[in-house]
Amino acid sequence: MALTTVPALDAPAVPGWLQALGFLLLGGQVGLRFTRPTLAAIGRMMPTVLVVIVLSVAACAGVGVVLAAVTGESRLDAYLATTPGGLPAVLAAATGTSDNLTFVTAAQTVRLLLVLLLTPIVARWVFRRS
């Protein structure tokens, strides 16, 4: 971040080969976690998972429309900023499609921090109610 304040380094960019290598390693890390028992468990949960995915994507799209209206960012950037999923996967998708990768990254980071801060509070509340 500090280097971007230097005028000569106004628009730093990651070399294409390094970015491709990073995406390859990320895909390998995710793909190698799938085992036969994992795939069987996923198959059993699939109907419920599909419903949850559709509802999550629809909710994020709705929040994205509101965020786009409030911030003036494109609807695609606002959706990518609110979309669920792991930060590396979202940033990989945003790298090729986003007009404002900084906005998407910042919003995803805030989302992650909020989840980390609110999860213990919500868990305690649920535990007390049950």
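Helices, taken as H or I runs of at least four residues, and strands, taken as E runs of at least two, are DSSP runs numbered from the N terminus. On that basis, the secondary structure of this chain comes to 5 helices and 0 strands, and the pattern read along the sequence is α-α-α-α-α. The model is predicted.

The overall dimensions come next. The radius of gyration of the chain is 18 Å, whereas the globule rule gives 14 Å for 130 residues; the chain is therefore more spread out than a compact globule. Along the principal axes, its C-alpha atoms fill a box of roughly 55 × 40 × 25 Å.

Confidence in the model may be considered before the packing. The chain has a mean pLDDT of 86, with 93% of its residues at 70 or more. Among the elements of the chain, helix 2, which spans residues 36-71, has the highest mean pLDDT, at 91. The lowest mean, 82, belongs to helix 4, residues 87-97.

Two packed helices are described by the angle between their axes and the distance between the axes. For helix 2 and helix 3 (residues 75-82), the axes cross at roughly 130° and come within 8 Å. Because angles of 65 to 115 degrees count as roughly perpendicular and those over 145 as roughly antiparallel, helix 2 and helix 3 are oblique to each other. Their crossing is right-handed. On the side of helix 2, the contact is formed by Val57, Cys60, Ala61, Val63, Gly64, Val65, Leu67 and Ala68. These residues meet Arg75, Ala78, Tyr79, Ala81 and Thr82 of helix 3. By class, the contact of helix 2 with helix 3 comprises 10 nonpolar residues, 2 polar residues and 1 charged residue.

A further packing pair joins helix 1, residues 16-31, to helix 4. Here the axes lie 11 Å apart, and the angle between the two helices is about 140°. That angle makes helix 1 oblique to helix 4. The crossing of helix 1 and helix 4 is left-handed. Helix 1 contributes Gln19, Phe23 and Leu26 to the contact, and helix 4 contributes Pro88, Ala89, Ala92 and Thr95. The classes represented in the contact of helix 1 with helix 4 are 5 nonpolar and 2 polar residues, with no charged residues.

Taken together, the two pairs may be set side by side. Helix 2 and helix 3 are oblique and cross in a right-handed sense, while helix 1 is oblique to helix 4 with a left-handed crossing.

Notes:
Residues are numbered from 1 along each chain as its sequence is written. This is a predicted model: local features need pLDDT of at least 70, side-chain atom pairs count only at pLDDT 80 or more; totals for chains, interfaces and linings use all residues. Side-chain values use heavy atoms; hydrogens and water are left out. pLDDT is the predictor's confidence in each residue, from 0 to 100. Axes are lines fitted to C-alpha atoms, for helices over the stretch in contact, and angles run from 0 to 180 degrees between N-to-C directions. Angles under 35 degrees count as roughly parallel, over 145 as roughly antiparallel, 65 to 115 as roughly perpendicular and the rest as oblique. A crossing is left-handed if the near helix is turned anticlockwise from the far one by less than a right angle, and right-handed if clockwise. Contact means heavy atoms within 4.5 Å. Ala, Val, Leu, Ile, Met, Phe, Trp, Tyr, Cys and Pro count as nonpolar, Asp, Glu, Lys and Arg as charged, and the others, Gly among them, as polar. The radius of gyration is taken over C-alpha atoms; the globule rule is 2.2 Å times the number of residues to the power 0.38.
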